[in-house]
Amino acid sequence: DGTFEKEADRNNQKYVANIIKAKWKCEVLEYPRTSPIDYYITRDGRECFGDTKTATKVRTFGYLNIRKFCVLMDASRLWGCPSFFFLYDAEGVFYVDVREIGNEVKYEKGTAGSMIRKSPCDIEPAITIKKTLMKRLS
């Protein structure tokens, strides 16, 4: 959710939504700040869900927190549709359907180690998803 979201995060989310709209020629509904995921995406009666993570540096993987992963997986199961994890970094925008990541993930106890940011609650379990599993969107 957007509890710790900065204005730059929101701008990046909108940027990715615009790329999704342009590349996939679809409609992208951005959920409110308090939603656990970012997007509901539709085109010609088909639908999917998505969440964006922005990385300030180029990495070979993206972090997806467990809470968001579970919501994306549940949405896929309940609606019988894809749910995408979007990674936006200096190399571009990449994506993967969370149903296709299989055992290629690594569980992390906290994405920031023992570092505390604005709040002790801003550290949460996450999985790392290899960029090699992702497709380039832009």
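**Cysteines, sheet, core and pocket**

Modeller: Gladly, and please keep in mind that this is a predicted model. To begin with the cysteines, the disulfide count comes to zero.

Colleague: Why is C48 called buried?

Modeller: Buried means under 20% relative accessible area. C48 has 7%, so C48 is buried. C81 has a relative accessibility of 4%, so C81 counts as buried.

Colleague: And why is P125 called partly exposed?

Modeller: Partly exposed lies between the 20% limit for buried and the 50% limit for exposed. P125 has 32% relative accessibility, so P125 counts as partly exposed. P125 sits in the loop between strand 7 (105-108) and strand 8. Its C-alpha atom is 9.7 Å from that of Y63, although the two residues are 62 apart along the chain.

Colleague: What makes strand 1 (27-30) and strand 9 (135-136) the edge strands?

Modeller: The sheet is open, with six strands in the order 1-2-3-5-6-9 and mixed pairing. Strand 1 and strand 9 each pair on one side only, and that makes them the edge strands.

Colleague: How do you know that strand 5 pairs with strand 6?

Modeller: Pairing takes at least two bridges between two strands. Strand 5 (residues 83-89) and strand 6 (residues 92-97) are joined by six bridges, so they pair, and they run antiparallel. One of the bridge partners is G92 in strand 6, for D89.

Colleague: Which way does strand 5 run relative to strand 3, parallel or antiparallel?

Modeller: Parallel, and six bridges join strand 3 to strand 5. T54 stands opposite Y88 of strand 5 there.

Colleague: What makes you say that strand 5 is mostly covered?

Modeller: Seven of its seven residues are buried. S83, F85, L87 and D89 point one way, F84, F86 and Y88 point the other way, and all are buried. In general, side chains of a regular strand alternate between the two faces of the sheet.

Colleague: Which residues have the most contacts inside the largest nonpolar core?

Modeller: They are L64, F69, F85, V98, I129 and M134, in a core of 18 residues. Helix 2 (66-79), strand 5, strand 6 and strand 8 (126-130) each supply at least two residues of this core. Helix 2 gives the most, with four.

Colleague: What makes W24 a lining residue of the second largest pocket?

Modeller: A lining residue has an atom within 4 Å of a pocket point. W24 is in the lining, together with C26, I41, T42, R43, R46, E47, C48, P82 and F84. Strand 2 (39-43) and strand 3 (46-54) each supply at least two of the lining residues. By class, the lining has six nonpolar, one polar and three charged residues. The volume of this pocket is about 210 Å³.

Key. Residues numbered from 1 in each chain as written. Predicted model: local features only at pLDDT ≥ 70, side-chain atom pairs only at ≥ 80, totals over all residues. Heavy atoms only, no water. 1 Å grid on protein atoms, 1.4 Å probe; cavity = no way out; pocket = protein on both sides within 12 Å on 5 of 7 lines; lining within 4 Å. Points joined across faces, edges and corners; volume = space filled by probe spheres on them. Nonpolar A, V, L, I, M, F, W, Y, C, P; charged D, E, K, R; others polar. Disulfide = S-S within 2.5 Å. Buried < 20%, exposed > 50% of the residue type's maximum accessible area, 1.4 Å probe, protein only. Core = buried A, V, L, I, M, F, W, Y, C linked by side-chain atoms within 4.5 Å.
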